[in-house]
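Here is a quick tour of a protein model for someone meeting it for the first time. Have a look at the picture, then read on.

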Amino acid sequence: MKKIEAIIRRSKYRAVKEALHEKGVMFFSYWDVTGVGHEKKGSVYRGISYSTTDIQRRYLSIVVNDDFEEVAISAILEAAKTGEVGDGKIFVSDIKEAYRIRTSEKGGSTLN
């Protein structure tokens with residue numbers, strides 16, 4: 001099993017969610033997060049200067065069986081990409097085990 005963590009633009013969340021569902025990835029968790037990026041410029045709106053170094057993003061946490069790793073990653077890459085700085089990042093790590101609390105079942109079948 002793999003854990004895929006993706007940090008994406010909030011404006012791309014709906015497209016990413018739909019792309020994942022189309023590929024059969026039905027369950028994941030998400031949070032609204034704030035991060036700090038490389039870009040150091042600010043913007044001015046109605047005479048008030050705003051820093052753009054604190055960036056609002058959506059953080060997705062997805063656990064999939066090994067055979068869904070590439071499918072999920074490609075869905076995120078295609079749906080989240082704008083081609084501009086700040087599109088986000090994807091991190092992948094191994095999951096040793098998963099348990100379904102309701103039945104005490106363990107293994108990859110708990111992800112279905």
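## A pair in close sequence

Let's start with glutamate 5 and lysine 3, which form a salt bridge with their closest N and O atoms 3.9 Å apart. The term salt bridge here means a side-chain nitrogen of Lys or Arg within 4 Å of a carboxyl oxygen of Asp or Glu. Glutamate 5 counts as buried at 19% relative accessibility, while lysine 3, at 24%, counts as partly exposed. (Buried is under 20% relative accessible area, exposed is over 50%, and partly exposed is in between, using a 1.4 Å probe and protein chains only.)

A word on the ground rules: this is a predicted model, where local features need pLDDT of at least 70 and side-chain atom pairs count only at pLDDT 80 or more, though totals for chains, interfaces and linings use all residues. Residues are numbered from 1 along each chain as its sequence is written, and side-chain values use heavy atoms, leaving out hydrogens and water.

## The other salt bridges

How many salt bridges does a search of the whole structure find? It turns up six. One of them joins the side chains of aspartate 94 and lysine 2, at 2.3 Å from N to O. Aspartate 94 sits in strand β6 (residues 88–94) and lysine 2 in strand β1 (residues 2–9), so this pair ties together parts 92 residues apart in sequence. Strands (E, at least two residues) and helices (H or I, at least four) are DSSP runs, numbered from the N terminus. Aspartate 94 is exposed, at 59% relative accessible area, whereas lysine 2 is buried at 17%.

Arginine 100 and glutamate 105 also meet through their side chains, at 3.1 Å from N to O. Here arginine 100 is buried at 19%, and glutamate 105 is partly exposed at 29%. Then there's a network of salt bridges linking Arg10, Asp32 and Arg58.

## The sheet and its helices

Four strands make an open sheet in the order β2-β5-β1-β6, with antiparallel pairing; strands pair if DSSP finds at least two bridges between them. At the edges stand β2 (29–36) and β6, each with a single partner strand, so one side of each has no neighbour in the sheet. Eight bridges join β1 to the antiparallel β5 (residues 54–64), and isoleucine 7 stands opposite tyrosine 59 in β5.

Helix α2 (residues 69–80) packs on the sheet and touches β1, β5 and β6, where contact means heavy atoms within 4.5 Å.

Methods
Axes are lines fitted to C-alpha atoms, for helices over the stretch in contact, and angles run from 0 to 180 degrees between N-to-C directions.
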